[in-house]
Amino acid sequence: MLIVKAGGAAGVDLDTVCADLADLAEAGEPWILVHGGSHETNVVAKKLGHPPKFVTSVSGYTSRYTDRTTLEIFEMVYCGKTNKGIVERLQKRGVQALGLSGIDGRLLEGKRKGALRVREGGKTKIIRDDLSGKIDRVNTDLLNLLTGAGYYPVICPPGIAEDGTAINTDGDRAAARIAAALGAATLVILSDVPGLLAKFPDESSLIPRIALADVDDAAERYAEGRMKIKLLGAAEAVRDGVGKVVLADSRIENPVRAALDGGGTTIEA
Ligand code: ADP
């Protein structure tokens with residue numbers, strides 16, 4: 001099974017990703033698509049008068065502060081506009097695509113974060129109403145049921161906590177959990193960069209390969225912002241049994257096949 005994650009950054013080209021996935025489906029290759037929607041969520045949140053707020057944890061990671069209103073906007077964009085837009089693109093190309101979020105059928109179950117300890121203006125602050133969390137269980141029965149019946153799942157956050165609360169969760173991490181749970185050979189993570197760049201944003205400085213043992217060091221040395229979390233998620237997937245993870249470019253012709261053919265940054269054991 002091939003798992004593909006399409007990012008939600010402004011430059012991610014969903015048309016080329018869907019066209020490529022349709023060709024792969026036509027050729028009999030099963031896949032599951034996981035997608036983001038971060039850029040569009042920011043745009044819509046601003047329009048609705050509830051602009052995005054990002055917080056930085058004491059350990060240095062930045063994440064979206066998700067109060068109830070933010071979660072609702074997040075669902076409108078991820079589960080609504082973006083998910084249905086992708087399903088429509090695929091259905092137009094003859095793929096029996098089916099959209100699901102992580103709360104549907106408890107597809108992506110996890111734990112809500114407790115109080116968040118964040119840094120703000122040089123001080124540590126505790127946030128208690130944040131609705132985000134980390135996925136630790138995937139409903140593989142549901143995925144196997146769907147793929148076994150010929151459907152191509154198109155999956156997005158949020159996930160669901162044990163008590164049924166929706167939780168905002170990182171799309172790359174969710175894709176990594178799905179790939180690991182299904183024992184996937186390959187996870188392709190497509191974004192608006194060619195892969196991990198040694199001198200970001202210089203696109204000629206692509207790092208083609210990172211051994212699992214060197215990921216933490218590479219994240220520390222080269223990655224800024226969200227790329228750090230992406231790398232850690234990729235390493236987690238390989239550690240949990242995924243054959244390899246490829247960070248690759250969505251903006252090129254046949255982006256998935258290019259990644260499978262050795263493009264981008266490959267992380268393997
Ligand atoms: P998506 O939402 O598409 O998953 P992210 O925003 O999570 O994408 O991560 C990709 C982004 O990481 C790139 O658009 C780039 O701005 C940023 N980035 C930071 N450091 C690096 C690096 N060393 N190499 C490549 N991209 C990097």
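The secondary structure of the protein chain, seen here in a predicted model, comes to eight helices and 16 strands. The radius of gyration of this chain is 18 Å, close to the 18 Å that the globule rule gives for 269 residues, so the chain is as compact as a globular protein of that length. Along its principal axes, the C-alpha trace spans about 55 × 40 × 35 Å.

Of the 269 residues, 50% count as buried, and the accessible surface of the chain comes to about 12,100 Å², of which 49% belongs to carbon and sulfur atoms.

A search of the whole structure for aromatic pairs finds two. In one of them, the rings of Trp31 and Tyr152 have their centres 4.6 Å apart and their planes at 45 degrees, so this pair is tilted. The pair links distant parts of the chain, since Trp31 belongs to strand S2 (residues 31-35) and Tyr152 to strand S10 (residues 152-156), 121 residues apart. Trp31 has 1% relative accessibility and therefore counts as buried, and Tyr152, at 15% relative accessibility, counts as buried too, because buried means under 20%.

Phe74 and Tyr78 also form an aromatic pair, and this one is stacked, with 3.9 Å from centre to centre and 20 degrees between the planes. Both residues lie in helix H3 (residues 68-92), four residues apart, which is about one turn of the helix, and both Phe74 and Tyr78 are buried.

Technical notes. Residues are numbered from 1 along each chain as its sequence is written. This is a predicted model: local features need pLDDT of at least 70, side-chain atom pairs count only at pLDDT 80 or more; totals for chains, interfaces and linings use all residues. Side-chain values use heavy atoms; hydrogens and water are left out. Helices (H or I, at least four residues) and strands (E, at least two) are DSSP runs, numbered from the N terminus. The radius of gyration is taken over C-alpha atoms; the globule rule is 2.2 Å times the number of residues to the power 0.38. Buried means under 20% relative accessible area, exposed over 50%, partly exposed in between (1.4 Å probe, protein chains only). Accessible areas come from the Shrake-Rupley method with a 1.4 Å probe; for residues, only the protein chains shown count as cover. Rings of Phe, Tyr and Trp (its six-membered ring) pair if their centres lie within 6.5 Å; planes under 30 degrees apart count as stacked, over 60 as edge-to-face and the rest as tilted.
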